[in-house]
Amino acid sequence: MSFVRLSVMRRTATVLAAATAITAGLALPALAHVSINPGTAEQGGFSKVAFRVPNERDDASTVKVEVSFPTDHPLAFVSVKPVPGWSVKVTEGKLPKPVKTEYGDLKEAVTKVVWSGGKIGKGEFQEFEVSMGQLPTDTDQLAFPTTQTYSGGEVVKWADAPKADGSEAEHPAPTLKLTPATASDSHHNGSPSAAASAPAASAPASADGMAPSVSKVAAGSSSDGTARLLGGAGLVVGVIGIVVAVLALRRRPS
């Protein structure tokens with residue numbers, strides 16, 4: 001192998017390594033905090049979401065995750081999906097004041113869900129899935145402040161509200177964006193097929209003692225836009241690096 005060709009190969013490897021490093025660097029912020037996925041759901045319906053919890057410590061594991069549910073816009077139906085190796089505790093409590101729903105006044109609702117007993121190690125993440133509804137129609141978002149506990153005793157609270165300038169806070173609370181329901185997906189459809197498609201959930205009785213009917217599931221409309229944007233940017237950088245390397249190889253004499 002000639003010296004020139006060896007030099008070109010080294011240049012190519014360097015460019016590709018740099019592109020890979022940039023891509024990884026861009027992707028890390030998307031995984032650097034607790035998030036809710038998908039990040040969007042339709043108002044008035046049901047949604048299955050996952051609280052995605054990455055482990056950010058090299059010398060400790062995440063051993064407990066506590067998610068607080070809103071009490072100003074309580075959710076009447078909440079059920080959790082078992083996670084192997086983890087135990088889960090769902091806490092219900094009285095609301096500060098009754099909330100009127102189509103089923104009557106809601107006086108109690110899920111206020112907290114805690115997962116414990118498992119372990120999220122270095123460089124790992126875990127998703128904790130929850131089915132919930134009916135989502136409110138009088139707000140465009142729901143915040144779920146989350147507390148992450150590490151094996152060394154460190155506790156990190158993901159509960160910061162967005163900054164006034166629109167930028168992301170240091171420890172943002174997982175937030176579910178709510179969009180208006182589409183005309184073809186009215187959540188008031190009381191047909192048996194609509195009820196059958198709803199997620200299994202803990203359904204407390206209404207004020208008049210009758211169990212509320214379960215409505216049609218409203219699927220989330222988008223995934224983590226930030227992760228997609230950063231991932232796409234990283235891919236573009238990688239492609240540019242490959243093109244530069246190929247051009248350099250073609251211009252060198254054999």
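The model is predicted, so local features need pLDDT of at least 70 and side-chain atom pairs count only at pLDDT 80 or more, while totals for chains, interfaces and linings use all residues. Residues are numbered from 1 along each chain as its sequence is written, and side-chain values use heavy atoms, with hydrogens and water left out.

**Overall fold**

- The secondary structure of the protein chain comes to three helices and 12 strands; helices (H or I, at least four residues) and strands (E, at least two) are DSSP runs, numbered from the N terminus.
- Of the 254 residues in the chain, 36% are buried; buried means under 20% relative accessible area, exposed over 50%, and partly exposed in between, with a 1.4 Å probe and protein chains only.
- Among contacts (heavy atoms within 4.5 Å) with a separation of 6 or more, 74% join residues 24 or more positions apart.

**Strand β12**

- In a regular strand the side chains alternate between the two faces of the sheet.
- Strand β2 (residues 40-42) runs parallel to β12 and is joined to it by three bridges; two strands pair if DSSP finds at least two bridges between them.
- A41 has L178 as its bridge partner in β12.
- Strand β9 (residues 141-143) is antiparallel to β12, again with three bridges, and A143 is partnered there with T175.

**Nonpolar cores**

- A nonpolar core is a set of buried Ala, Val, Leu, Ile, Met, Phe, Trp, Tyr and Cys residues joined through side-chain atoms within 4.5 Å.
- The largest nonpolar core holds 29 residues, of which F69, W115, M132, F144 and L176 touch the most other members.
- Strands β3 (47-54), β4 (62-68), β7 (104-120), β8 (125-133), β11 (155-158) and β12 each supply at least two residues of this core, and β7 gives the largest share, four residues.
- Leaving aside neighbours within four places in sequence, W115 is in contact with residues that include F51, V63, V65, W86, F128 and V130.
- A second, separate core has seven residues, among them F77, L95, Y103 and L106.

**The second largest pocket**

- A pocket is defined on a 1 Å grid over the protein atoms alone, as an open set of points where a 1.4 Å probe fits, with protein on both sides within 12 Å along at least five of seven lines; lining residues have an atom within 4 Å of a point.
- The second largest pocket holds about 370 Å³ of space; grid points are joined across faces, edges and corners, and the volume is the space filled by probe spheres set on the points.
- Of its 21 lining residues, K100, T101, Q134, L135 and P136 are the closest to the centre.
- Strand β6 (residues 87-101) provides the largest share of the lining, three residues.

**Two single residues**

- S35 lies in strand β1 (residues 35-37) and counts as buried because its relative accessibility is 7%.
- Beyond neighbours within four places in sequence, S35 is in contact with A50, F51, R52 and P174.
- E127 belongs to strand β8 and is partly exposed, with a relative accessible area of 27%.
- Leaving aside neighbours within four places in sequence, E127 is in contact with A50, F51, R52 and V83.
- The C-alpha atoms of E127 and P54 are 8.7 Å apart, although the two lie 73 residues apart along the chain.
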